[in-house]
Amino acid sequence: MFLAGCATQPSASTVPDAPPTGTPAASPSAGPSSSAVVPSPSPGPAILVGAGDIATCAGTDDSATASLIAGIDGTVFTAGDNAYEEGTAANFRDCYAPTWGRFLDRTLPAIGNHEYLTTDAVGYFGYFGNAVGDPSEGWYARQVGTWRVYILNSNCNTVGGCRAGSPQERWLRADLAANPTACALAIWHHPRFSSGEHGNFVSMTPIWEALYDAGAELVINGHDHDYERFDPQTPAGKADPNGIVEIIVGTGGRGLRAVGKPIANSEVHNDNTFGVLKLTLSDGSWESTFLPVPGRTFTDTSTGTCH
């Protein structure tokens, strides 16, 4: 069951379990040589916090969002377009490492389209290392508390497509079947549904269908540089209390862009506030909270129970 909270708006492989907390992290400027350190499950809810469309040397808003994360314990996620403009090794070293790179040892990154402006996204895969899976795929799964978290690659043309029967779709369905869990979410860059500048990416429909068939709860995206939350819906965009809630949080630091006329099932949107999304993942339920950077007042909270 999904319950909206309060909102205020101004006009092909699973990454192995990470080492326990306390394992030394690699230098942020060089990137890790092994998988990211994710805190081991502990009593109480797990915390997942992050955003997409993040680091640029041309501004300081990424530093502001990094400061928010610095005060929050838990696992950090990214929703793609991590280091502008082209995801080069230099972009990661000079722009990402000084800000969000501070959390490298507890980060689950997803890849965006800007990473592929560098051939084979070698800057991204070189920086994050084994944490992000096979460089020919860019997808992986990880346990965060009692939740199964899927980090997927929505650059469909670079990974053999996202259609039914594609390598990624087959891997996703196989992992969902092999790891049945009451609660699951997925993070990728290009949103299936969006009222923002780029709009809907229907190429991700088969991926959404696999998650919907398994009863997943949440999909987190970036790409459109705004915040938008949708009511639960089917892969075709039909309202469904047992559907998936999608949240776009392309507010990590790279210039914001206007949201257009809200499409069906869009519940909340904002296009003038940088910030991060904090997910509190309990055993059987979840809560999301958008946290704005200092000086901004927009926030949004929603809750739900696992299917």
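Modeller: We shall discuss the disulfides and then one serine. This is a predicted model, in which local features need pLDDT of at least 70, side-chain atom pairs count only at pLDDT 80 or more, and totals for chains, interfaces and linings use all residues. Residues are numbered from 1 along each chain as its sequence is written, and side-chain values use heavy atoms, with hydrogens and water left out.

Colleague: How many disulfides does a search of the whole structure find?

Modeller: A disulfide is a pair of cysteine sulfur atoms within 2.5 Å. The search finds three. In the pair Cys-57 and Cys-95 the sulfur atoms are 2.0 Å apart; the S-S torsion is about -115°, so this disulfide is left-handed.

Colleague: Is the link of Cys-183 and Cys-306 left-handed or right-handed?

Modeller: With 110° about the S-S bond, the link of Cys-183 and Cys-306 is right-handed. Their sulfur atoms lie 2.0 Å apart.

Colleague: Are Cys-156 and Cys-162 buried or exposed?

Modeller: Buried means under 20% relative accessible area, exposed over 50%, and partly exposed in between, with a 1.4 Å probe and protein chains only. Both Cys-156 and Cys-162 are buried, and their sulfur atoms are 2.1 Å apart in a disulfide.

Colleague: Which residues is Ser-166 in contact with, leaving aside its neighbours within four places in sequence?

Modeller: Contact means heavy atoms within 4.5 Å. On that basis, with those neighbours left aside, Ser-166 is in contact with Gly-160 and Gly-161. Ser-166 counts as buried because its relative accessibility is 0%.
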